[in-house]
Amino acid sequence: MVSTESNSSLYQLHLIGNVLYVELNNVWSKGTVEKVLAETQSLLVDVKNKPWAAVVDIRNWIMPTFEAFDGFQLIYDWCAANNQTHEVTLCRFEMQKNIISNVSNYDAENQLYTHNAEDAEQWLLNKGFDFSLKELQQARDC
């Protein structure tokens, strides 16, 4: 389990096995998007050569600023090019789901939209990923 909490008021990244948990908060600027991409690349250096999944928790996220949209697409493009095969998006609002679906290329077999973290955990387990909400909480507590 590997974690980083840079600028924790805006985001947190946690790698649990081969699942990247990304928590997005507030409004993201272009600079925030660039930092998240760089930290994602660094955090995934040991797992990017095999299939991995992401949980993208946007329940407390508003959206990126207009100038940050292109960078947000770069994150998704990099992840897809580096073996991300599945994604769970935790969202509260339809608008959030729409923003993610516009940049994500995953189909219904490889992406789940839900508001419930327990559904995310079970879906990932069913897809063969080793992910635990208990381990995530331990990573957050460190």
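Are Trp28 and Trp61 buried or exposed? Trp28 is buried, and Trp61 is buried as well. The model described here is predicted. The structure contains three aromatic pairs, and Tyr11, Trp28 and Trp61 together form one aromatic cluster.

**The pair of Tyr11 and Trp28**

- A pair of aromatic rings is described by the distance of the centres and the angle of the planes.
- Tyr11 and Trp28 form an edge-to-face pair, with 6.1 Å centre to centre and 65° between the planes.
- The angle counts as edge-to-face because it is over 60 degrees.
- This pair links distant parts of the chain: Tyr11 belongs to strand β2 (residues 11-16) and Trp28 to strand β3 (residues 19-28), 17 residues apart.
- Tyr11 and Trp28 are both buried.

**The pair of Trp28 and Trp61**

- Trp28 also pairs with Trp61 in an edge-to-face arrangement, at 6.2 Å centre to centre and with 75° between the planes.
- Here too, distant parts of the chain are linked, since Trp28 lies in strand β3 and Trp61 in strand β4 (residues 52-64), 33 residues apart.

**Helix α1**

- Helix α1 covers residues 30-43 and has 14 residues.
- From its first C-alpha to its last, helix α1 reaches 20 Å, which is close to the 20 Å expected at 1.5 Å a residue.
- The buried residues of α1 are Thr32, Val33, Val36, Leu37, Glu39, Thr40 and Leu43.

Terms used. Residues numbered from 1 in each chain as written. Predicted model: local features only at pLDDT ≥ 70, side-chain atom pairs only at ≥ 80, totals over all residues. Heavy atoms only, no water. Phe/Tyr/Trp six-rings, centres within 6.5 Å; stacked < 30°, edge-to-face > 60°. Helix = DSSP H or I, 4+ residues; strand = E, 2+ residues; numbered from the N terminus. Buried < 20%, exposed > 50% of the residue type's maximum accessible area, 1.4 Å probe, protein only. Expected span 1.5 Å × (residues − 1).
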